[in-house]
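Welcome! Open your viewer, get your selection tool ready, and follow the stops below one by one.

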Amino acid sequence: LRDRTGLLVLGLQPPVLACVMWAVFPAPTTRMLFMMALSCMWFGMSASVRELISDRVIWQREHRIGVGVVPYVGSKLLVMGAVVALQCAGLNLFLHVALGMGGEYAFDPVLSVLVCVLTGWVGMAVGFFTSSWWTSSEAAVGTLPLLLIPQITFSSVMVSMRDMEPLAKAFTWVTIQRYAFDAIIKCGEMVAIPTYGRGEWDSQPVNGALYKLGLKFTDRADDIGFSLQQLIAILAGIIVVLVVATMLKVWHRARQS
């Protein structure tokens with residue numbers, strides 16, 4: 001709370017990014033949904049990637065007098081998790097209203113907020129895990145592009161998974177953004193597609209968008225790939241794995257100090 005400038009920046013990120021997306025995308029296209037999911041992941045990663053480095057000396061001193069790893073990391077997760085959740089929910093709700101996502105596109109605001117918050121928490125878990133390995137904030141921040149750019153490259157928005165070579169397609173299975181993007185699409189029933197007329201948009205069933213992106217397992221009309229419930233479970237599982245890995249790394253570093 002004392003870092004008012006930092007709080008101001010965190011508070012400004014969702015409305016500024018939402019306004020940028022609203023200016024570029026007049027309707028919920030697949031690329032707009034991808035940018036929303038990517039922004040949520042960025043909120044989490046950027047907020048947490050320095051957290052375990054900035055007060056490491058204090059933590060090591062307090063650990064010697066009895067502070068445990070679980071309450072220490074848990075306190076970080078609680079505070080930053082609340083901040084990231086507010087950012088992701090704010091971004092989603094702004095775009096939901098501004099782009100009319102609840103109209104003919106039938107996006108469920110509760111489900112889409114849930115997916116956005118989970119995506120932000122996954123990004124936060126990635127940031128904490130990265131922070132647990134580095135000893136300088138510069139190195140941790142410098143790692144962000146190395147983590148974020150593959151999320152864009154292998155998410156199917158740049159090149160459809162149907163057109164990827166086998167090696168690239170294999171990487172998509174360990175790309176977090178692929179699951180977050182897939183999940184946010186499945187929170188609605190229709191997505192917008194451009195028409196031949198300038199500034200005119202049509203709508204397309206979600207199933208057609210999934211086919212173009214290669215997120216379906218087969219070409220059958222009733223195949224949607226992973227269900228929304230499965231995707232939510234995958235995102236939640238990634239969070240648990242990364243949080244446990246972070247705690248183990250913090251505990252191991254504390255033993256060595």
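**Stop 1**

Select phenylalanine 34 and phenylalanine 181: both are buried (under 20% relative accessible area; exposed is over 50%, partly exposed in between, with a 1.4 Å probe and protein chains only). This is a predicted model, where local features need pLDDT of at least 70 and side-chain atom pairs count only at pLDDT 80 or more, while totals for chains, interfaces and linings use all residues. Residues are numbered from 1 along each chain as its sequence is written, and side-chain values use heavy atoms, with hydrogens and water left out.

The structure holds eight aromatic pairs (rings of Phe, Tyr and Trp, the last by its six-membered ring, with centres within 6.5 Å; planes under 30 degrees apart are stacked, over 60 edge-to-face, the rest tilted). Phenylalanine 34 and phenylalanine 181 make an edge-to-face pair, 5.4 Å from centre to centre with 80° between the planes. Phenylalanine 34 belongs to helix α2 (residues 30–48) and phenylalanine 181 to helix α9 (residues 176–185), 147 residues apart (helices are DSSP runs of H or I, at least four residues, and strands are runs of E, at least two, numbered from the N terminus).

**Stop 2: a stacked pair**

Now pick tryptophan 173 and phenylalanine 217. Their ring centres are 6.5 Å apart and their planes at 20°, so this pair is stacked. Tryptophan 173 is partly exposed, at 41% relative accessible area, and phenylalanine 217 is partly exposed at 44%.

Next, show arginine 178. Its charged end sits over the ring of tryptophan 173, 4.4 Å from the centre (the rule asks for NZ of Lys or CZ of Arg within 6 Å of the ring centre and within 35 degrees of the ring normal).

**Stop 3: around lysine 76**

The N to O distance is 3.3 Å between lysine 76 and glutamate 51, and 2.9 Å between aspartate 55 and lysine 76. Lysine 76 counts as buried at 11% relative accessibility, and aspartate 55 is buried at 17%, whereas glutamate 51 is partly exposed at 22%.

**Stop 4: isoleucine 184**

Finish at isoleucine 184. Beyond its neighbours within four places in sequence, isoleucine 184 is in contact (heavy atoms within 4.5 Å) with residues including Leu33, Met36 and Phe107.

How values were computed
A salt bridge is a side-chain nitrogen of Lys or Arg within 4 Å of a carboxyl oxygen of Asp or Glu.
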